[in-house]
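Dear colleague,

I am handing over a structure for you to look through, and my notes on its pockets and salt bridges follow below it. Please keep it open beside you while you read.

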Amino acid sequence: MKQIVLGFFSVATVAFFSCKTPKDGNNSGMEDTVSNKPLMKDFMGINGHFHFKPALYGQVCRLVRNYHNIDWDVKKPGDPITIPNTINNVNWKRDVYGPWKQGGFETDICVQFASFGGGHDHFTDKWKEQEQWSYNYTKAMASFYGPSGAEKLATSFEIDNEPGRRVDLPMFRNLFVQMAKGIRDGDPKAKVVTPTIHARPADDYSQDVHSFYGDADVLPLYDVLNVHTYSTIPKSGNNPNNWNRTWPEDTSAVYLKVVQETIDWRNTSAKGKEIWVTEFGYDACTPDVMKNRKDWWEKLDWQGHTDLQQAQYLVRSFLAFATLDVNRAYLYYYNDDNEPSFHAASGLTRKFEPKMSFHAVKQLYETLGNFRFSRIIKQDYGQLYVYEFSNGSNRTWVAWSPTGVKSHEKEGYQPREARVTLTGMPGKPLSAKTMATAAGDAPNASWEQVDNNSISITIGESPTYILMKK
């Protein structure tokens with residue numbers, strides 16, 4: 001590759017004659033060709049909750065995940081089960097899952113222990129001698145909400161969210177077994193999903209998949225291994241806290257590594273199980289709110305990314321997960337109130353008004369929804385990524401500069417751009433669109449036809465979609 005660097009602008013000419021995937025960085029072990037990949041519309045999901053608006057978010061995906069707190073349903077384990085009515089006057093069918101289904105969504109229910117679970121006092125006391133009740137509870141849930149019943153309001157059930165090491169593991173194992181059996185007996189067609197796991201030592205929010213999920217009596221009880229991953233970076237002399245984040249391809253983070261580690265464990269110890277990433281995301285709130293932080297939030301010195309960077313990194317995360325052996329990826333979160341703290345500024349909308357990220361994810365869904373990941377064309381760390389998605393004879397290449405900035409270093413950051421020549425294209429280029437950041441048609445990218453199968457194009461940190469047809 002010949003490259004001339006002018007300040008922060010680089011000009012490069014790149015020819016692609018090979019589709020081999022480089023074994024670099026976080027992408028070690030990936031294959032250039034993956035069979036049975038899902039369509040992107042069956043891959044992209046979002047985390048919602050009670051105030052989720054199906055008509056609004058139906059523009060960005062058709063899969064939704066809900067936090068269904070057990071302590072909404074009952075005051076304590078052992079109480080009468082009154083599905084779909086809760087103790088706080090919510091009717092899950094009328095108020096949540098019914099409207100979501102009518103809006104075209106397929107729902108994954110996360111049966112969250114909430115105040116009965118990790119991080120709360122007296123976990124063992126609350127669940128003592130309640131194994132049979134836990135079985136009855138999830139059986140009733142699957143029977144009512146599951147895909148085989150009359151309501152057909154959900155297709156999968158997670159057994160807790162992020163218990164991590166904050167629970168008594170032997171007791172949690174017993175509960176997991178009983179609840180999984182309850183879901184199986186309540187609706188055999190429903191998918192049983194683990195809580196958040198990693199293939200590494202447990203922490204407060206993820207369990208070690210080696211703990212019991214490979215046990216012979218447990219393996220038949222679940223269908224999906226569930227991973228949460230965020231691009232956080234360790235506290236250091238240059239980083240004041242553990243919550244600041246970096247761009248998706250940054251190899252200094254474990255963001256993609258923990259997913260690949262889980263895939264590797266599955267391949268040896270739990271063959272046939274699906275892997276879902278049910279939480280990933282980036283925060284972005286407005287500068288005026290950041291300037292007015294108070295108390296602990298100011299002391300912590302947490303930083304989010306800009307609205308544009310959130311949009312770029314969410315789209316690039318979806319693209320990265322699509323190359324892995326992952327069946328679904330749910331972004332976190334649907335909406336926020338513009339609060340200056342981690343997770344509290346992760347919405348695609350801000351007070352239900354679309355951010356740049358909403359438009360960018362909407363474009364990804366509309367452009368590639370009926371396409372599936374096909375192969376990695378180019379993966380040159382720090383320089384250029386190009387992925388191919390296919391739908392019959394139609395091909396779309398997505399190209400971008402896999403560079404970015406850590407959230408606490410974003411002031412004054414100059415994003416990278418490069419002029420590149422893409423050759424050996426499998427079809428005639430029809431158009432090239434830059435990433436959408438506002439309503440309406442996205443701007444055209446700057447490109448020139450070199451020949452029927454080659455173009456010269458400017459790429460940047462926002463993905464560019466190059467549509468082709470044979």
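Does Lys-433 count as buried or exposed, and what is its relative accessibility? The model is a predicted one, and in it Lys-433 has a relative accessibility of 19%, so with the limit for buried set at under 20%, Lys-433 counts as buried. Its partner in a salt bridge is Asp-441, and the closest N and O atoms of the two are 2.8 Å apart. Asp-441 is exposed, with a relative accessible area of 66%, so that this salt bridge joins a residue that counts as buried to one that is exposed.

Arg-165 forms a salt bridge with Asp-204, with 3.0 Å between the closest N and O atoms. This pair links distant parts of the chain, 39 residues apart, since Arg-165 lies in the loop between β6 (156-159) and α6 (169-186), while Asp-204 lies in the loop between β7 (191-198) and β8 (207-208). Arg-165 is exposed, at a relative accessible area of 53%, whereas Asp-204, at 31%, is partly exposed.

The side chains of Arg-184 and Asp-223 also meet in a salt bridge, at 2.9 Å from N to O. Here too the pair links distant parts of the chain, with Arg-184 in helix α6 and Asp-223 in the loop between β8 and β9 (224-228), 39 residues apart. Asp-223 counts as partly exposed, with a relative accessibility of 25%. Please look as well at Asp-42, Arg-62, Glu-106 and Arg-328, which are linked in a network of salt bridges.

Now to the pockets. The largest pocket has a volume of about 1,300 Å³ and is lined by 40 residues, of which Glu-162, Tyr-205, Tyr-230, Trp-243 and His-343 lie nearest its centre. Sorted by class, its lining has 15 nonpolar, 15 polar and 10 charged residues.

The second largest pocket has a volume of about 290 Å³. Its lining is made up of 17 residues, and those nearest its centre are Pro-287, Met-290, Gln-303, Lys-410 and Glu-411. By class, this lining has 3 nonpolar, 7 polar and 7 charged residues, and the largest share of it, 3 residues, comes from helix α8 (residues 287-291).

With best wishes

Methods: Residues are numbered from 1 along each chain as its sequence is written. This is a predicted model: local features need pLDDT of at least 70, side-chain atom pairs count only at pLDDT 80 or more; totals for chains, interfaces and linings use all residues. Side-chain values use heavy atoms; hydrogens and water are left out. On a 1 Å grid over the protein atoms alone, a cavity is a set of points where a 1.4 Å probe fits but cannot get out, and a pocket is an open set with protein on both sides within 12 Å along at least five of seven lines; lining residues have an atom within 4 Å of a point. Grid points are joined across faces, edges and corners, and a volume is the space filled by probe spheres set on the points. Ala, Val, Leu, Ile, Met, Phe, Trp, Tyr, Cys and Pro count as nonpolar, Asp, Glu, Lys and Arg as charged, and the others, Gly among them, as polar. Helices (H or I, at least four residues) and strands (E, at least two) are DSSP runs, numbered from the N terminus. A salt bridge is a side-chain nitrogen of Lys or Arg within 4 Å of a carboxyl oxygen of Asp or Glu. Buried means under 20% relative accessible area, exposed over 50%, partly exposed in between (1.4 Å probe, protein chains only).
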